[in-house]
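Hello,

Here is the structure I promised to pass on to you. Have a look at it first, and then read my notes below with the viewer open beside you.

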There are 2 protein chains.
Amino acid sequence: MRLLFTNDDGIFAPGLYALYKVFKKTHKVYVVAPESEQSAVGHAITLSNPLRVKQVYRNGTFYGHAVNGTPADAVKIGVNELLDSPPEMVISGINLGPNVGINVLYSGTVSAATEAAILNIPSIAVSLDTYEKTDFTSAAIITKKLVKKLLKMKWPKGISLNINIPALPLEKIKGIAFTRQATIPINDRFEKRTDPRHRVYYWEAGNGFLYSPEPGTDVYALRQGMVSITPIHHDLTHYVTLEAFIHNPPFNSV
Amino acid sequence: MRLLFTNDDGIFAPGLYALYKVFKKTHKVYVVAPESEQSAVGHAITLSNPLRVKQVYRNGTFYGHAVNGTPADAVKIGVNELLDSPPEMVISGINLGPNVGINVLYSGTVSAATEAAILNIPSIAVSLDTYEKTDFTSAAIITKKLVKKLLKMKWPKGISLNINIPALPLEKIKGIAFTRQATIPINDRFEKRTDPRHRVYYWEAGNGFLYSPEPGTDVYALRQGMVSITPIHHDLTHYVTLEAFIHNPPFNSV
């Protein structure tokens with residue numbers, strides 16, 4: 001199969017390379033990824049600046065294309081310009097750190113998968129539940145096993161799958177949970193500091209969630225040691241509210 | 001009422017200033033907005049760089065705080081650090097250009113409103129359906145009339161409203177449509193060019209949608225000359241697919 005790989009940690013990130021090594025044994029693998037780390041860029045795209053594309057080699061072999069843009073840019077230019085025809089799947093990751101709950105909104109890894117879904121290409125985002133420097137080989141093997149199973153099912157149009165893997169050896173993983181995205185607020189906080197020139201600056205220092213995750217959510221499943229798989233889409237409409245507005249409009253004119 | 005204003009066109013954009021002038025007559029108005037234009041940044045936030053905040057004056061009077069970050073950063077730091085207590089509403093805009101259909105995903109204007117909803121503050125994003133240099137006064141007056149009506153209804157928790165206004169005089173606006181977000185793909189295209197040093201670069205040159213919008217969508221309503229109001233939320237789960245997965249799991253283990 002023809003698979004396009006991308007990420008938000010940048011083309012030289014070990015999580016992407018682990019996927020590349022595991023999948024290229026049996027698939028035609030294309031890598032199109034941001035030149036530099038793009039964490040927390042969400043679904044940003046580059047409109048006001050030109051995009052540059054560089055060929056990247058690893059160990060003397062062509063590895064892929066580096067784009068001076070965001071993960072969504074990489075998918076767009078990969079599919080529309082660099083590949084001769086659309087890939088059969090886009091795989092984004094493996095991200096260093098989980099992408100669950102509200103963080104899904106900020107995640108460049110997930111947005112790359114969403115962009116592929118917008119382009120009507122089956123896609124997954126894969127993240128590993130650790131911030132420690134780690135060996136991604138086990139997570140890459142798990143990803144390959146999952147992709148094999150996923151490709152056997154009929155892919156729902158316009159949907160991507162947000163997959164989060166516990167940082168555990170394969171035999172310690174408790175199973176698969178199909179989950180919803182938790183909406184627990186993040187524990188937002190800014191640290192106010194003073195620079196060497198006596199000017200104030202702020203660091204976003206938010207960490208963790210405001211309360212415990214409910215069963216059925218991505219955050220909960222991951223804490224239970226399960227692989228979490230959340231089907232996500234790019235229609236932000238809240239239909240329950242829309243139906244209420246349509247049946248009982250709060251107003252009809254300006 | 002205490003209202004927080006932001007945008008993605010930057011703190012000096014005329015669309016924001018038009019809102020400020022119209023609302024400050026009768027409300028306590030706070031402006032916290034990006035220092036520079038942040039179009040198409042989506043829901044990006046700044047984690048790896050410090051945020052700086054500058055006081056901005058207009059005509060000798062304090063106007064607001066400029067943040068060297070994204071619209072979502074501006075809302076986060078405004079609510080968590082700069083204001084003494086959360087505002088009663090966050091208003092993001094008025095954006096130069098519509099934010100409808102798939103473009104909602106890329107929109108910094110909409111993401112600022114979504115960030116407020118995550119923080120459990122009622123919020124709206126307001127965009128004007130023109131890219132021409134324009135007088136925003138009429139749209140600002142329409143926004144004020146809408147906010148007055150919206151504040152009388154019970155605000156659904158965690159929902160923000162994505163409002164798009166036709167670039168028409170008030171008397172020519174056909175009415176209000178409560179809509180869903182269109183999911184028509186964009187007509188994606190990159191222009192390949194060569195710079196003066198003979199190096200290749202690409203511009204994202206996509207324009208318009210691949211096919212006509214359906215009735216009931218934001219794109220359709222705006223083309224009919226109606227104000228489009230779409231309730232949006234930040235839970236990206238596709239529940240129909242999730243239910244199908246839960247009732248008939250495609251697999252149960254890695």
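In chain B, Ile94 (B:Ile94) has its place in strand β5. Before you turn to it, please keep in mind that this is a predicted model. What kind of peptide bond joins B:Gly93 and B:Ile94? The bond is cis, with omega about -10°. Chain A has a cis bond to show you as well: the one from A:Gly93 to A:Ile94, where omega is near -10°. A:Ile94 is found in strand β5 of chain A, which covers residues 89–96. These bonds are worth a look because most peptide bonds are trans, just as most residues other than glycine have a negative phi.

**Positive phi values**

B:Asn59 has a phi near 50°, a positive value in a residue other than glycine. You will find B:Asn59 in the loop between β3 and β4 of chain B. Is B:Asn59 buried or exposed? With a relative accessible area of 72%, B:Asn59 is exposed, because the cut-off for that class is over 50%.

A:Asn120 sits in the loop between α4 and β6 (123–129) of chain A. Its relative accessible area is 44%, so A:Asn120 counts as partly exposed.

Next, please find helix α1 of chain B, residues 14–23. How many of the 10 residues of α1(B) are buried? Eight of them are, so the helix is mostly covered, with buried meaning under 20% relative accessible area. They are B:Gly15, B:Leu16, B:Tyr17, B:Ala18, B:Leu19, B:Tyr20, B:Val22 and B:Phe23. What do these buried residues pack against? Their partners are the strands β1 (2–6), β2 (28–34), β3 (53–58), β4 (61–67) and β5 (89–96), together with helix α5, in chain B.

Let us follow the last of those partners. Two packed helices are described by the angle between their axes and the distance between the axes. For α1(B) and α5(B), the latter being residues 137–150, the angle is about 55° and the axes are 9 Å apart. The two helices are therefore oblique to each other, and α1(B) passes α5(B) in a right-handed crossing. On the α1(B) side, the contact is made by B:Ala18, B:Leu19, B:Val22 and B:Phe23. On the α5(B) side, you will see B:Thr137, B:Ala140, B:Ile141, B:Thr143, B:Lys144 and B:Val147. Sorted by class, the residues of this contact of α1(B) with α5(B) are seven nonpolar, two polar and one charged.

The crossing of α2(B) past α4(B) is right-handed. B:Pro71, B:Ala72, B:Val75 and B:Lys76 of α2(B) make the contact with B:Gly108, B:Ala112, B:Glu115 and B:Ala116 of α4(B). By class, the contact of α2(B) with α4(B) has five nonpolar, one polar and two charged residues.

In chain A, helix α2 (residues 71–82) is mostly covered, with nine of its 12 residues buried. Among them are A:Asp73 and A:Lys76.

A:Ser107 lies in the loop between α3 (103–106) and α4 (108–118) of chain A. This serine is buried, with a relative accessible area of 2%. The side chain of A:Ser107 reaches the backbone nitrogen of A:Thr109 at 3.2 Å. Leaving out residues up to four places away in sequence, A:Ser107 touches A:Asp8, A:Gly42 and A:Asn99.

B:Pro122 is in the loop between α4 and β6 (123–129) of chain B, and at 23% relative accessibility B:Pro122 counts as partly exposed. B:Pro122 and B:Ser160 are 38 residues apart along the chain, and their C-alpha atoms are separated by 6.4 Å. Beyond its neighbours within four places in sequence, B:Pro122 is in contact with B:Glu88, B:Met89, B:Val90 and B:Trp155.

Enjoy exploring!

Terms used:
Residues numbered from 1 in each chain as written. Chains lettered and ligands numbered in written order. Predicted model: local features only at pLDDT ≥ 70, side-chain atom pairs only at ≥ 80, totals over all residues. Heavy atoms only, no water. Left-handed = near helix turned anticlockwise from the far one by under 90°. Helix = DSSP H or I, 4+ residues; strand = E, 2+ residues; numbered from the N terminus. Contact = heavy atoms within 4.5 Å. Nonpolar A, V, L, I, M, F, W, Y, C, P; charged D, E, K, R; others polar. Buried < 20%, exposed > 50% of the residue type's maximum accessible area, 1.4 Å probe, protein only. Polar contact = N/O pair within 3.5 Å; in protein donor to acceptor, adjacent residues only side chain to side chain. Axes fitted to C-alpha atoms, helices over the stretch in contact; angles between N-to-C directions. Parallel < 35°, antiparallel > 145°, perpendicular 65-115°, else oblique.
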